[in-house]
Amino acid sequence: MATVTNPRTDDSALSRRAFLSVSAAAGGGMLLALSIPQDADAAVALASSESHPEKDAALNAYVTIAADNTVTIMSKIPEIGQGIKTSLPMIVAEELDAKWSDVHIVQAPLDKVFGMQFAGGSFSTPMNWDLQRRMGAAARAMLITAAALEWKVPESDITTSQGKVLAKDGRSLTYGQLAAKAVKVIPPDMSKLLLKDPKNYELVGKSVGGIDSPKIVVGQPLFGIDVNVPGMRYAVFQKCPVFGGKVVSANLDEVKARPGVLNVFIVPVVASTGLPDGMAMGLQSGVAIVASSWWQANKALETLKVVWDEGPVASQSSAGFAAKAQELSTQVPHKVIRTDGDPKGAMAGAAKVIEAAYSYPFVAHSPLEPMNTTASVVDGKVQIWSPTQYPALGRTLTAKTLGIPEDAITINVTRCGGGFGRRLGSDFMVEAAMIAKLQGEPVKLLWNRNQDLQHEFYRPGGFHYFKAGLDAQGQLIAFTDHYIGYANGPKASNSADLAPAEFPAKYVKNLELSTSTMQLGVPTGPMRAPGSNAHAFVFQSFLDEVAHAAGKDPLQHLIDLYAEERVAPPPPAKGPPGGGPFGNLGPPFSGKRAQGVLEQVRDTSGWGKRQLPSGTGMGVAFYYSHLGYFAEVVQASVAPADGTIKVDKIWVVGDVGSVIINPTGALNQCQGAVIDGISQALGQQITINRGRVAQTFPEYPLLRMYQAPQVEVNFRLTPFPPTGLGEPALPPVIPALCNAIFAATGKRIRKLPIDTRQLKT
Amino acid sequence: MSYTINVNGTSHTVDVDGDTPLLWVLRDTLDLKGSKFGCGMGLCGACTVHINGKPTRSCIAPISTVGTSNITTIEGVGTSETGKRVQDAWLKVDVVQCGYCQAGQIMSATALLTANQKPTDKDIDDAMSGNLCRCATYVRIRAAIKLAAGLPTTDSREV
């Protein structure tokens, strides 16, 4: 094991404030050079608020060691089912050489000492891998220094194992025995820490069960919906079914007379927050019903009659958008976002040209725990308990909406009953805060299921009009896409943009990507693998069409396409494809890594080697998103009588770098992601009709046990830092399924969700 | 109105409207938060409890219909040998992602294994398809049920 040496042994007690500032600065700033303001007092309070404050020693913002050897590790990122509350602390514990059974993990509240705290973009692993290693290693170094001073031996004669510091001469002390002394040593230079050689890992790379699972299987209250606050009331909030509509009047007195109802009031719209992100949409107008029980509040909705001013969005509909997209497809695109070579000339000279129009609908995230938040507003101070993926945005939005400073708001982050991007929005949080303020009592706001489905930040729909030109040898020499999506004013709607680097860009000599937009009043936002979950379907399906038109094996065709970049790389885009606003977190895209997973999934799936019965087919797709490379093969059968689709099996090969931090969690994410994708393709669709959502929950089919296929996941390890797994396994499964259906039936799926009626023979 | 119900072997008298679903009595009157509200329509199964051993969607079971039946919730299911075996299998297989649906899944799985000690894949499909898992942990739910039944955990469905 690598030994961390600390050249600066100093017995003088460094003030706790100074120390924590140092460790927080080093910890937060290393990887991304993000500016992390320090708040040492907050970190002290955090580190010591759990268990035994008088005995605990906070070695840094993440690691506190108690005299009884309990190692408390703060988990900075909201847990939404992605397993981050287990996997990030594993990294800290690994470098700390803690004994896992001594580790106690605490969900960190929102605090600037932890830097950026949000669950999104599969960023948590790449943004925190190095940080978490160093926080563990720094704490370990301080324990070693403390032992060296205690024993009066050089640090190089000291090592650590399983929560103990060991001297060459056989002496040993537990971390708990040393912690109080370790707090007083000068922390090591964070940039010079020696980290473990991964081949010596004892915990990272081993499967560790979900840290909260023992509590979950016995029904302990962990979720936002489970929060109890003394004196709490229960609320529902009815907004206009038309997005952006406002209350004109309502029969408040009649509703107030219902059993258990304490108060009914109109919440005025506070729509403009000045925040740039569409997901920070301000408080919408609606009617709040506050009751002694949630059931009574929800039941009283039956009596509620509201006169709405529906506003301008009432004229929008999915059918209208589809007709408009069709019209726009015949016109010059609004904007050309990329041109390589001479796409028009090459297309004109092509031996064969194929064209296809693809589309996909709006989709709702529908996490199983409906939106909720509990809030208490007392003397201008706001306490919030919320299942949120993005507490900081919620706090900013709440502060602006209530007109109070951010530091008057405390956000307690609860476990989330699913996220998928839905809880990056904070509409439910600001509603709860405003209702609690107006009510003057603590309030738990809980949406009912139809409200949850009908007030979302939907995955935006879109329309793509493709053209591909092949030469006489079947080589793809020209490729164009006219993407017709949605915009709010001059900007693409949230998660509706198309990156100029979208594959096959750079890999085809003559290529044009262009866009046109339609103005949308429906809120949209990121859903698991935003952008990618839609673009993978259209691009990877159309490339399958290209392979078939060229008479090539679709899997080999992809491998061949990724063989070389045929266009010099343009100036770097603002982030990796499917990335986001946080810059480049990893190495640039590598065609070789794409080929690697494709080759491996060809072998694991028995691609091209298996005898399949009639009506059964295999399809393949590859997609790179969130720094992860995923190639997937789907085997599906189609019943000729009614077109029913049965997904038999999915083979997944992923490349997310050199280390799979927690294999059981990693496999679970991939298994879930691909079945999630199948669920979308088979049945999920939100239709807008007169500015409102047409579906209720029974009309929004989520995949069930009897439809769930077998899934085989393998990882290809490559020498790159590990990256996230919440998202990248999802996108390719949808085109792989559609390509399998083509292989099974000869019928091409160009529109989601899949209409099985078109598959009848 | 006053109702006396029997939950996990303990008798409770509650004063609620007669149409209040059992789920809300459990969660908000008795503070048993393990049973979850997912849809309120009996479609997702997150609220599944046992009423006299039968898996029941408590979100659509009015308290007035419960009478003196024996109600078992996720908080109490571990006292039965089968329930405990299912909970242990859930941990061993590491089923959970977000965990929100898992109380309902465990209740349905325990009812299945109580009635049918060696379920086939088809039996599992039939018993478990009323329980949605939005994280789609279905592969592991299937494996955990088989583990709890002492069956090989490999997916034996034909491909």
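## A helix across a sheet in chain A

Helix α12 of chain A, residues 427-439, lies across strands β8 (233-239), β10, β11 (286-291), β15, β16 and β18 (443-446) of chain A, and runs at about 40° to β15(A). These descriptions rest on a predicted model. The strands belong to an open sheet of chain A in which seven strands follow one another in the order β10-β11-β8-β18-β15-β16-β17, with mixed pairing. At the edges of this sheet stand β10 (261-267) and β17 (409-413) of chain A, each with a single partner strand, so one side of each is left without a neighbour in the sheet. From one strand to the next, the twist averages 20°.

Within the sheet, β15(A), residues 372-378, and β16(A), residues 381-386, pair in the antiparallel sense over five bridges, and A:S376 has A:Q383 in β16(A) as its bridge partner. Another helix, α11 of chain A (residues 391-402), lies across β16 and β17 of chain A, and its direction makes an angle of about 150° with β17(A).

As for the chain as a whole, chain A has 18 helices and 28 strands, and 58% of its 761 residues are buried. Among contacts in chain A between residues at least 6 apart in sequence, 80% join residues at least 24 apart.

## Antiparallel pairs and their turns

| Strand pair | Bridges | Bridge partners |
|---|---|---|
| β5(A) (158-161) and β6(A) (164-167) | four bridges | A:T159 and A:L166 |
| β6(A) and β7(A) (172-174) | three bridges | A:V165 and A:L173 |
| β15(A) (372-378) and β16(A) (381-386) | five bridges | A:S376 and A:Q383 |

The hairpin of β5(A) and β6(A) has two residues between the strands, and A:Q162 takes a positive phi near 45° there. The hairpin formed by β6(A) and β7(A) has four residues between its strands, and in its turn A:G170 has a positive phi of about 100°.

## Where chain B touches chain A

The contact takes 49 residues from chain B and 50 residues from chain A. On the side of chain B that touches chain A, the elements that give two or more residues are α1 (22-29), α2 (81-93), α3, α4 and α5 (138-148) of chain B. The largest share, four residues, comes from α5(B). By class, this side of chain B has 26 nonpolar, twelve polar and eleven charged residues.

How many of the eleven residues of α5(B) are buried? Ten of them are, so α5(B) is largely enclosed by the rest of the structure. The buried residues include B:Y138, B:V139, B:R140, B:I141 and B:R142, and also B:K146 and B:A148. What covers the buried residues of α5(B) includes elements from both chains, namely α17 (663-683) and β28 (710-715) of chain A together with α2, α3 and α4 of chain B. After α5(B) comes B:G150, which has a positive phi, near 75°.

## Two helices of chain B

The axes of α3(B), residues 102-115, and α4(B), residues 121-128, come within 10 Å and cross at roughly 135°. The two helices are therefore oblique to each other, and the crossing of α3(B) and α4(B) is right-handed. In this contact, B:S108, B:A109 and B:L112 in α3(B) meet B:D123, B:A127 and B:M128 in α4(B). The contact has, by class, four nonpolar residues, one polar residue and one charged residue.

## A buried loop residue

B:V96 is found in the loop between α2 and α3 of chain B. Is this residue buried or exposed? B:V96 is buried, because 28 other C-beta atoms lie within 10 Å, and the cut-off for a buried residue is 20 or more. Leaving aside residues up to four places away in sequence, B:V96 touches A:G210, A:S213 and A:I216 of chain A and B:Q102 of chain B. B:V96 and B:R140 are 44 residues apart in sequence, and their C-alpha atoms are 8.5 Å apart in space; B:R140 is one of the buried residues of α5(B).

Notes
Residues are numbered from 1 along each chain as its sequence is written. Chains are lettered from A and ligands numbered from 1 in the order in which they are written. This is a predicted model: local features need pLDDT of at least 70, side-chain atom pairs count only at pLDDT 80 or more; totals for chains, interfaces and linings use all residues. Axes are lines fitted to C-alpha atoms, for helices over the stretch in contact, and angles run from 0 to 180 degrees between N-to-C directions. Angles under 35 degrees count as roughly parallel, over 145 as roughly antiparallel, 65 to 115 as roughly perpendicular and the rest as oblique. A crossing is left-handed if the near helix is turned anticlockwise from the far one by less than a right angle, and right-handed if clockwise. Two residues are in contact if their C-beta atoms, placed from the backbone, lie within 7 Å. Ala, Val, Leu, Ile, Met, Phe, Trp, Tyr, Cys and Pro count as nonpolar, Asp, Glu, Lys and Arg as charged, and the others, Gly among them, as polar. Two strands pair if DSSP finds at least two bridges between them. A residue is buried if 20 or more other C-beta atoms lie within 10 Å of its own, exposed if 12 or fewer, and partly exposed in between; C-beta atoms are placed from the backbone.
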